Amino acid sequence: MSRRQSNNSSTNRRTVPWRIPVSVACVWAIYLLKGSLWMRFYPLLVGLVVWGAFASSLFATPLVERIARARGHSLTPQAIRYTRKATQAWVIFLTLHLIVTVWTLFQTPACWALYNGCIAYALIGTMFAAEYLVRRHLLSRADD
């Protein structure tokens, strides 16, 4: 077994235990919140799972680095530092997004729908675009 495979399997063993109680809690929350109210929690639950994936990866191989390596890229030390910083930026962004998502739960359904159905997607798309532009800029500088 290669070092990469071994590292990934040990990482999976460390991160899986928290996913089980979170999944059980989500199912119970959906059951207890019968009706349309549980639907308002869906963006929060999804956001928590995505945040957890990014945040927990900072204790092992950052998620952005894993994605880059899965796409077949060989990474320089500068690129590895960048992937860690990009993962940290996603954690900060997602933390702020989750704070607003929780806030919208206590607002009118129209406010909740505006943020979670429109604004959040625009912000996430902007974050993706910004990260892409920064990455392209850094890679072009590294080639010089």
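In this predicted model, helix 2 and helix 3 pack with their axes 8 Å apart and at an angle of about 90°, and because angles from 65 to 115 degrees count as roughly perpendicular, these two helices are described as roughly perpendicular to each other. On the side of helix 2 the contact is made by Ala-53, Phe-54 and Ser-57, while helix 3 brings Leu-63, Val-64 and Arg-66. Sorted by class, the contact of helix 2 with helix 3 has four nonpolar residues, one polar residue and one charged residue.

Helix 3, which spans residues 63–70, also meets helix 4, which spans residues 77–105, and here the axes come within 7 Å and cross at roughly 125°. That angle makes helix 3 oblique to helix 4. Helix 3 takes part in this contact through Leu-63, Val-64, Glu-65 and Arg-69, and helix 4 through Ile-80, Thr-83, Ala-86, Thr-87 and Trp-90. By class, five of the residues in the contact of helix 3 with helix 4 are nonpolar, two are polar and two are charged.

The two contacts are set side by side here.

| Helix pair | Axes | Angle |
|---|---|---|
| Helix 2 and helix 3 | 8 Å apart | about 90° |
| Helix 3 and helix 4 | within 7 Å | roughly 125° |

What is the volume of the largest pocket? The value is about 1000 Å³, and the pocket is lined by 35 residues, of which Val-64, Trp-90, Phe-128, Glu-131 and Arg-135 lie nearest its centre. Helix 2, helix 3, helix 4 and helix 5 are the elements that each give two or more residues to this lining, and helix 5 provides the largest share, twelve residues. By class, the lining of the largest pocket has 20 nonpolar, eight polar and seven charged residues.

A search of the whole structure finds three aromatic pairs. One of them joins Phe-54 and Trp-90 in a stacked arrangement, with 5.7 Å from centre to centre and 25° between the planes. Since Phe-54 lies in helix 2 and Trp-90 in helix 4, this pair ties together parts that are 36 residues apart in sequence.

How values were computed. Residues are numbered from 1 along each chain as its sequence is written. This is a predicted model: local features need pLDDT of at least 70, side-chain atom pairs count only at pLDDT 80 or more; totals for chains, interfaces and linings use all residues. Side-chain values use heavy atoms; hydrogens and water are left out. Axes are lines fitted to C-alpha atoms, for helices over the stretch in contact, and angles run from 0 to 180 degrees between N-to-C directions. Helices (H or I, at least four residues) and strands (E, at least two) are DSSP runs, numbered from the N terminus. Angles under 35 degrees count as roughly parallel, over 145 as roughly antiparallel, 65 to 115 as roughly perpendicular and the rest as oblique. Contact means heavy atoms within 4.5 Å. Ala, Val, Leu, Ile, Met, Phe, Trp, Tyr, Cys and Pro count as nonpolar, Asp, Glu, Lys and Arg as charged, and the others, Gly among them, as polar. On a 1 Å grid over the protein atoms alone, a cavity is a set of points where a 1.4 Å probe fits but cannot get out, and a pocket is an open set with protein on both sides within 12 Å along at least five of seven lines; lining residues have an atom within 4 Å of a point. Grid points are joined across faces, edges and corners, and a volume is the space filled by probe spheres set on the points. Rings of Phe, Tyr and Trp (its six-membered ring) pair if their centres lie within 6.5 Å; planes under 30 degrees apart count as stacked, over 60 as edge-to-face and the rest as tilted.
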